[in-house]
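Here is a friendly walk through one protein model. Please have the sequence and the structure open side by side as you read.

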Amino acid sequence: MEKFICIHGHFYQPPRENAWLEVIEVQDSAHPFHDWNERITAECYAPNAASRILNDQGVIKNIINNYSKISFNFGPTLLSWMEVNDPETYEAILEADELSKKNFSGHGSALAQVYNHIIMPLATRQDKETQIIWGIRDFESRFKRKPEGMWLAETAVDLETLDLLVDQQIKFTILAPRQARAYRKLGESDFNNLNDGPIDTKRPYSVHLPSGRSIVVFFYDGDISQSVAFNGLLYDGAKFASKLMDSFDSKQSETQLVNIATDGETYGHHHKHGEMALAYCLDFIERNKQCELTNYGEFLTRFVPQYEAQLHENSSWSCVHGVERWRADCGCNTGGRSEWNQQWRKPLRESLDWLRDQLWQIYLTEASQLFKDPEEARNEYIQIILKRNDETIRKFLREHCIRDTDPSKVLRLLEMQRHAMLMYTSCGWFFDEVSGIETTQIMQYACRAMQLVSQIADANLEEEFLKRLSAAQSNIPAYGDAAAVYKRFVLPSKTNLQRVGMHYAVSSIFEEDPDSFPVFNYTTSNEVFVKRAAGEQKLALGVTKVKSNVTRSEKKFAFAVIYMGKHNIIGNISLDMEEEKFASMQIRMVKAFEESRLGEVIGLMQQYFGPEKYTIWQLFQDEKRKVFHQITQQSMNDLEDSLRKIYNRDYPLVTALANNEIPIPNAYRTTFEYILNADLLKCFAEKINIKEFERITGELTKWQLQIEDPKKVEQLAGRSILKELNRIGSERQNHKRVERINRLFPLLEKFKINPDLNKTQNLYFEIYKDMHLHQGHSPEWAKQFNLLGDCLGVKVELSQ
């Protein structure tokens, strides 16, 4: 009997980008990271690309790319974010697929995924087809090969979806064992119903389809997958490996495949150090040699299915009621609030279905006048999504349009359809409350789709949509219903070119080089820009063109902004100001400002622009925070200067109080803690100041004070240690540099500061191996470098 093991990780995050700006705005709940994508990447996606294997002393002995030895899929929307925001991890994932080809007979471990994780059985045939095609095209553009398998969102399945997979040459998919209804050996006449027990997951199955074709399905081992995800099996990598290796049926003589599937985030995000348990497990299995690691593509090539299965249609892995979690109050929830219900799911689904159908009919009507084949044009729009540039757009227009047409209308029409699918991202129904961030996110996509259709056709769908949404009641009385949630959380994000223009105008006050100042996925270009400053006060005015990088629509506007200090900003914008009028205004306004007649400046703004004003509150979220940080930083510097004067002046006095066991007033303790914490952060600015760090930690200990934001210190320390190791690697004669950084680690441990050292350990690993290949370092440097390995918990076994 041949024995094989395959571990699959489904790595996915819902799209979190603002529907207009195409960027993720700051998410405070992810602190100290900017957003949850960034945080989960640091906790899971990056560590799995360089996962540690420990020796018996708990020291790192090897670092491996887990992805290269498992089966995995990444959501396309997640990879598009990662490509821009963490290219190092992104490239490691692509490299892992190449490495896996060497491990598994030329079969890459990466699988494709339906594009934005919609529940396929609840989708229209057109949406199913587009989701599959977009997922495949995205995969091909990244991994440079055709996918063999495809992951279905929540493993939700119906036969129509499987037939559409076969249309696109997909060979297999992965399902939960309870999704199997019956099975038989090929050649037998009767199916064995599975009412009394689960299907044997150790073999692949062929599923025959209405079209007369078939597709292979792998059912994962539900019990082991459950233990990995929820029951603590990842606490011990050896036990994890043993559980897999002990799961073969010794009574069977045929080839067996033990395979499991979980959310990829299990390995590091849901379970801290889960990626290390996975790495140890993989290493243990390989060294044990009782069975062989494989991926689904390789296994399928070597062993053709001998059994056939029938499926429960409209079933999934995360809802025992089928796919009801995404359209009804079925009882499935995250278990947060027992008094809550999910009755809002049904009217939300129905509202979006109504909107989708309205948008589809408008699309067909408008697209039939533009495209040779409207459905093919929508399917091929993925080429523009993947590469938004003029050349790609021109090529698309040539291939799909009946005649020369306005690119803006074409792109708006197709963007409307993209958002009509994004609004079905599964997470919108998964959680417990209609006002949750996942649900308001899909409402944002609906809002954007309605805005786009209003620019294309004479259609105002929002009023009826809100009427239908009002049937979805919130569990939070203050929010009322989904229509109120939409107005409260979605509409404030709504953006048009005018708002982008005003954002640019206000932000230009604080930018050093406003001519090259991008506004997220919009481009700005100045025809006129004038800026004046008088102490704290500033004036900016200009004529600027704003262009959407997505729809290519553009508008030109004139603006004037005055900054009067602190957060006091007044701005005006006009879309139709004549050139002569602007020139006249410019002369008068600049003259009044330079003569410090601010009242007259404001009066001129009203005269030329009218009464409507913009303030700092109109800025987009991240930029608003950036501006407020700039504004408050001066005040914080002034506060620090004042407290530092007290600290320096009264330090001897406070020392005398302490020496005489006289209680120190809280005001002094607060002052000392503030100044020492401010100095602590400065220790990790450019280069690590070890002497200063030793002084500060000594003072904190002396006065029994706390580190105010240990997470921030950990983040800064981790980055600075990595930079320092880069310098060490390039200066292999300077042993004092290594000696200095070694003094840092005992102090970090004393104050329980645990910086993220993943990238530093990776770099140490590489430098160490290179050090033994190439000479050029002094004995003292090598000694200190080995000590640094002890501090980092790395001991390289070169034989590996």
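Is Ile 224 buried or exposed? With a relative accessible area of 2%, Ile 224 is buried, where buried means under 20% relative accessible area, exposed over 50%, and partly exposed in between (1.4 Å probe, protein chains only).

## About the model

This is a predicted model, in which local features need pLDDT of at least 70, side-chain atom pairs count only at pLDDT 80 or more, and totals for chains, interfaces and linings use all residues. Residues are numbered from 1 along each chain as its sequence is written, and side-chain values use heavy atoms, leaving out hydrogens and water.

## Overall build

The protein has 29 helices and 18 strands; these are DSSP runs numbered from the N terminus, with helices being H or I of at least four residues and strands being E of at least two. Along its principal axes, the C-alpha trace spans about 95 × 75 × 55 Å.

Of the 800 residues, 57% count as buried.

## Around Ile 224

Ile 224 sits in helix α6, which covers residues 222–230. Its C-alpha atom is separated by 9.0 Å from that of Phe 240, 16 residues apart along the chain.

## Backbone exceptions

Most residues other than glycine have a negative phi, and most peptide bonds are trans. Here, a cis peptide bond joins His 31 and Pro 32, with omega about 10 degrees. Pro 32 lies in the loop between β1 (3–11) and α1 (36–49).

His 273 has a phi of about 65 degrees and lies in the loop between β12 (256–263) and α8 (274–288); at 45% relative accessible area, His 273 is partly exposed. Lys 566 has a phi of about 55 degrees and belongs to the loop between β17 (554–563) and β18; Lys 566 is also partly exposed, at 42% relative accessibility.

## A negative patch

Which residues form a negative surface patch? They are Asp 576, Glu 578, Glu 579 and Glu 580. Patch residues have over 30% relative accessible area and no salt bridge, with like charges joined within 9 Å. Asp 576 is in the loop between β18 (569–574) and α20 (579–594), and counts as exposed at 62% relative accessibility.

A salt bridge is a side-chain nitrogen of Lys or Arg within 4 Å of a carboxyl oxygen of Asp or Glu.

Note on methods
Patches are made of residues with over 30% relative accessible area and no salt bridge: like charges are joined within 9 Å, nonpolar side chains (Val, Leu, Ile, Met, Phe, Trp, Tyr) within 5 Å. Accessible areas come from the Shrake-Rupley method with a 1.4 Å probe; for residues, only the protein chains shown count as cover. Lys and Arg count as positive and Asp and Glu as negative; His and the chain ends are not counted. The place of a charge is taken as NZ of Lys, CZ of Arg, CG of Asp or CD of Glu.
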